Amino acid sequence: MTVETLSTNRAHGGVQGVYRHASAVTGTDMTFSVYVPPHAPGAKLPLLWYLSGLTCTHANVTDKGEYRRACAELGVIFVAPDTSPRGEEVPDDSAYDFGQGAGFYVDATEAPWSANFRMRSYIEQELPALVAAEFPADMDRQGITGHSMGGHGALTIGLRNPDRFRSISAFSPIVAPSQVPWGEKALSGYLGADRSAWRAYDACALIADGARAAELLVDIGDADQFLAEQLRPELLADACAAAGIPLTLRMQPGYDHSYHFISTFMADHVAWHAERLGR
């Protein structure tokens, strides 16, 4: 795959880059960002994937996530993909919570979405192969995190691929999309009415069906405007307790759903992942 460099900037001794490539999986050009910290020539570094939420692109966390200092100090590559395919020929919806910007990290099976909306395969297969080929990444040491819809993506992708991801965390994740309005709209639209097909994209359902992780870290603001209706962290707590999965669920007083919240605790998450990726 040919990778086009859109920009590079020096930051904390490393390089923050933004890149574009033609995706065979989505049938579109896809843009993503990668921060590579300072490192010795020939070194291979652990990497942390960050999946963004509704309406976002790679740029939201790249501009506002405040991860670079921690990644530079701890020697962690930070990869931020887009949230969906984009373009004039790509199907879209007028609502912010469906269509472009709202891929939900699924492989759609329903028309017209199935032609392009294959974010599961893009994140699990195509983009990792590109990152491995183009950057000094140790693919045996990967962690994954994300925010909101991206937190849902991080939990489900991490739970489906326990041999690939040594560490899984999330900020304000949608933990049970089958049981909340955002998820019911997205999963029915992309996957159809058969709710059994949704279970592969629902963290709580995956755990109930036998998926396991060594441990999970989740941060949520107790002033998050989506907490009660859309996020439902108590469902994840119940699922982890029943399965014996150690869950650190931190309700952060006074914080909302914004990047002010994410940036406050981003360094904590980078350090948490770095410790586990360094073992």
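Which residues is L236 in contact with, leaving aside its neighbours within four places in sequence?

**Figure 1. Contacts of L236 in the predicted model.** Beyond its neighbours within four places in sequence, L236 is in contact with L155, V175, C204, I207, L216, V218 and L247.

**Figure 2. The largest nonpolar core.** This core holds 66 residues. F104, Y190 and L236 touch the most other members. Helix α3 (residues 119–134) gives the most to this core, with 6 residues.

**Figure 3. The salt bridge of R86 with D82.** The closest N and O atoms are 2.7 Å apart. R86 has 30% relative accessibility and counts as partly exposed. D82, at 5%, counts as buried. The structure holds 13 salt bridges.

**Figure 4. The salt bridge of D209 and R199.** The two side chains meet at 2.8 Å, N to O. D209 sits in the loop between α6 (203–208) and β8 (216–221), and R199 in the loop between α5 (181–191) and α6, so the pair ties together parts that are 10 residues apart in sequence. R199 is partly exposed, at 34% relative accessibility.

**Figure 5. The salt bridge of D219 and R250.** Here the side chains meet at 2.6 Å, N to O. D219 belongs to strand β8 and R250 to strand β9 (residues 247–252). The pair links distant parts of the chain, 31 residues apart. D219 is buried, at 0% relative accessibility. R250, at 27%, is partly exposed.

Definitions and conventions. Residues numbered from 1 in each chain as written. Predicted model: local features only at pLDDT ≥ 70, side-chain atom pairs only at ≥ 80, totals over all residues. Heavy atoms only, no water. Core = buried A, V, L, I, M, F, W, Y, C linked by side-chain atoms within 4.5 Å. Buried < 20%, exposed > 50% of the residue type's maximum accessible area, 1.4 Å probe, protein only. Helix = DSSP H or I, 4+ residues; strand = E, 2+ residues; numbered from the N terminus. Contact = heavy atoms within 4.5 Å. Salt bridge = Lys/Arg side-chain N within 4 Å of Asp/Glu carboxyl O.
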